[in-house]
Amino acid sequence: MSVMRISPRRLHLLLLRWYGSHGRDLPWRRTRDPYRILLSEIMLQQTQVSRVLMLYPKFLRTYPSIRKLASAKPSEVIIAWRGMGYNRRALYLHRCAQAIVEEGGGRFPRDPERLRSLPGIGRYTANAVASSAFRLPLAIVDTNVRRVISRVQGRHLTEEAVWKNAQRLLPVRHAYEWNQALMDLGAMICIAHDPRCAECPLRTVCPSAHRVKRPLTRVVREPGREGVPNRIFRGRIVEYLRQRKRGASSSLIAREVVPSLRPGEMPWFARLIRSLEADGLVRVVRCGRSERVSLAA
DNA sequence: AAGGCGGGGCC
DNA sequence: GGCCCAGCCTT
């Protein structure tokens, strides 16, 4: 079966026009400060826009510049990260800020390859920062873009094929607006379940319009305790330490965070602490048989 | 290639 | 109660 080819120019016109009238007004779209752009992108990794909107301004008041962030202690950044989840991101961001200050005197690299080498910055975030802050003509592929591109192409695409298509379809003169428009379409219209095709600016050219099948999602079982994934307990431990800045003994944390903990489960809890320590989220001072745990200094 | 890693809102 | 969400890192 031959694949229907859609005129890129037609696509650009339809989507950019829609973006002009329906695009979201977001704080990180009102700046070109690479630090503010980067902060938004890190926060938006696996976190909804609505939550980032609530926490982004407060974080920026605490750390208005990359230098202020770089000179903070990890524990302070972890505390400022409260409510965001995936706490390792706070450490990546912090280390990233320190690298940019130390290596470039606080000047961001523009080269996406160089951005990509920084902690917490992958292919998506590197291109997002370069596209948004420096207006380089680079495609970005996140879960929204992946879904939109696949539907417009009318078939499932491999990850690499989506990137290729995204870069091919990119309007070089309006790359930034195009990227933002694709994400807005994926977030507001071309949503995963029950897409709103009747309101879609691409409905006349999209082969999937009004005939999107329910995507079959694969159930992923996570290791955990009584059905609760380990990462949830990790999050609770970090939150407990946020409010108890002096730290606490491992056994006290265990009683407070997991009241129903049975004696035989102590090794499981000890592994949680060790994993947090390995990530650099907590510091463990061992003295004799007991150990004192606090947020990483 | 697969799995670990938070949190909250929505159905 | 299950599902989803602007990914990255490690193995």
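The paragraphs below treat nonpolar cores, a helix pair, cysteines and backbone angles.

This is a predicted model, in which local features need pLDDT of at least 70 and side-chain atom pairs count only at pLDDT 80 or more, while totals for chains, interfaces and linings use all residues. Residues are numbered from 1 along each chain as its sequence is written, and side-chain values use heavy atoms, with hydrogens and water left out.

**Nonpolar cores**

A nonpolar core is a set of buried Ala, Val, Leu, Ile, Met, Phe, Trp, Tyr and Cys residues joined through side-chain atoms within 4.5 Å. The largest one holds 37 residues, of which Phe59 and Trp81 touch the most other members. Helices α2 (34-43), α3 (49-62), α4 (66-70), α6 (88-104) and α8 (123-133) each contribute at least two residues to this core, and α6 gives the largest share, seven residues. Helices here are DSSP runs (H or I, at least four residues) and strands likewise (E, at least two), numbered from the N terminus. A second, separate core of 34 residues includes Ala181, Met183, Cys200 and Val205. Beyond its neighbours within four places in sequence, Trp81 is in contact (heavy atoms within 4.5 Å) with residues including Leu39, Phe59, Tyr86 and Arg242.

**Helix pair α9 and α10**

Helix α9 (residues 143-153) packs against helix α10 (residues 159-169) at an angle of about 80 degrees, and their axes are 10 Å apart. The two helices are therefore roughly perpendicular, a term for angles of 65 to 115 degrees. On the α9 side, Arg146, Ile149, Ser150 and Gln153 take part, meeting α10 residues that include Val162 and Leu169. The residues of this contact comprise four nonpolar, three polar and three charged.

**Cysteines and backbone**

Zero disulfides are found in the whole structure, a disulfide being a pair of cysteine sulfur atoms within 2.5 Å. The sulfur of Cys206 lies 6.4 Å from its closest cysteine sulfur, that of Cys200, which is too far for a bond.

Tyr86, in the loop between α5 (74-80) and α6, has a positive phi of about 45 degrees although it is not a glycine. Asp194, another residue other than glycine, has a positive phi near 55 degrees and sits in the loop between α11 (175-188) and β1 (224-225).

The table uses buried for under 20% relative accessible area, exposed for over 50% and partly exposed for values in between (1.4 Å probe, protein chains only).

| Residue | Relative accessibility | Class |
|---|---|---|
| Cys206 | 16% | buried |
| Cys287 | 48% | partly exposed |
| Tyr86 | 44% | partly exposed |
| Asp194 | 63% | exposed |

Definitions and conventions. Chains lettered and ligands numbered in written order. Axes fitted to C-alpha atoms, helices over the stretch in contact; angles between N-to-C directions. Parallel < 35°, antiparallel > 145°, perpendicular 65-115°, else oblique. Nonpolar A, V, L, I, M, F, W, Y, C, P; charged D, E, K, R; others polar.
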